[in-house]
Amino acid sequence: MSGRLHLGAALAGGGGPALVESYSAYGLPLGEAFQLRDDVLGVFGDPAVTGKPAGDDLREGKRTVLVALTMERASAAQADTVRSRLGDAALDDNGVAVLRDIITETGALAETERMIATRTAQAVRALEAAHLPAEAAAALLELSAAATARTV
């Protein structure tokens, strides 16, 4: 995300190194928060909202932060269940529900949500410190909300 901001700054006349640094301080944590939100939606998202079947990331076996946190915190039995079902292209809705329960029970979902909130707040603080024109700051603030507050 910060690369696009850097490109925009260059096209608008550069703005100097301080502006580029500000865009990085905003864009990097926001990009991470966006990816974390996407990972949550890939497991818990409503297909009517996300446009893809619920649990597709589980069926594809995506190794996301959400999955890594789950495996770190899982009991031996939970870890065995995750290992045996993650990446199963034929995983049915019941299997998805079982994996969702484990992700929730281990606290991985709550920790991922905390990470999203922390990185979003980091981005907003960087934006506030950037001293951008009000219109630009408002647009970037709106972008941070749209990128990370998507619902499941």
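User: What makes Val43, Phe44, Leu58, Leu66, Ile103 and Leu109 stand out in the largest nonpolar core?

Analyst: In this predicted model, that core holds 20 residues, and these six touch the most other members. The elements that give two or more residues to the core are α2, α5 (65-73), α7 (93-105) and α8 (108-129). Of these, α2 gives the most, with five residues. A second, separate core has eleven residues, including Tyr23, Ala123, Ala126 and Leu140.

User: Why is valine 43 called buried?

Analyst: Let's set the value against the cut-off. Buried means under 20% relative accessible area. Valine 43 has 2% relative accessibility, so valine 43 counts as buried. Its place is in helix α2 (residues 16-44).

User: What does valine 43 touch beyond its neighbours in sequence?

Analyst: Leaving aside residues within four places in sequence, valine 43 is in contact with Gly55, Leu58, Leu66, Arg100 and Ile103.

User: How do you know that the buried residues of α7 are on the same side?

Analyst: Start with the list: Gly95, Val96, Leu99, Ile102 and Ile103 are buried in α7. They cover an arc of only 125° around the axis, which puts them on the same side of α7. The face turned away from that buried side carries the exposed residues Asp93, Asn94 and Glu105.

User: Why do we say that the buried residues of α6 line one face?

Analyst: The buried residues of α6 are Gln78, Ala79 and Val82. Seen down the axis, they fall within an arc of 100°, so they line one face of the helix. These buried residues pack against α5 and α7. On the face turned away from the buried side are the exposed residues Ala76, Ala77 and Ser84.

User: How are α5 and α6 packed?

Analyst: Two packed helices are described by the angle between their axes and the distance between the axes. For α5 and helix α6 (residues 76-85), the angle is about 145° and the axes are 8 Å apart. Thr70, Met71 and Arg73 of α5 meet Gln78, Ala79, Val82 and Arg83 of α6 in this contact. These residues divide into three nonpolar, two polar and two charged.

User: Which residues of α5 are buried, and what makes them one side?

Analyst: Leu66, Val67, Leu69 and Thr70 are the buried residues of α5. Their arc around the axis is only 165°, which puts them on the same side of α5.

Technical notes: Residues are numbered from 1 along each chain as its sequence is written. This is a predicted model: local features need pLDDT of at least 70, side-chain atom pairs count only at pLDDT 80 or more; totals for chains, interfaces and linings use all residues. Side-chain values use heavy atoms; hydrogens and water are left out. Helices (H or I, at least four residues) and strands (E, at least two) are DSSP runs, numbered from the N terminus. Buried means under 20% relative accessible area, exposed over 50%, partly exposed in between (1.4 Å probe, protein chains only). Contact means heavy atoms within 4.5 Å. A nonpolar core is a set of buried Ala, Val, Leu, Ile, Met, Phe, Trp, Tyr and Cys residues joined through side-chain atoms within 4.5 Å. The arc is that of the directions from the helix axis to the C-beta atoms. Axes are lines fitted to C-alpha atoms, for helices over the stretch in contact, and angles run from 0 to 180 degrees between N-to-C directions. Ala, Val, Leu, Ile, Met, Phe, Trp, Tyr, Cys and Pro count as nonpolar, Asp, Glu, Lys and Arg as charged, and the others, Gly among them, as polar.
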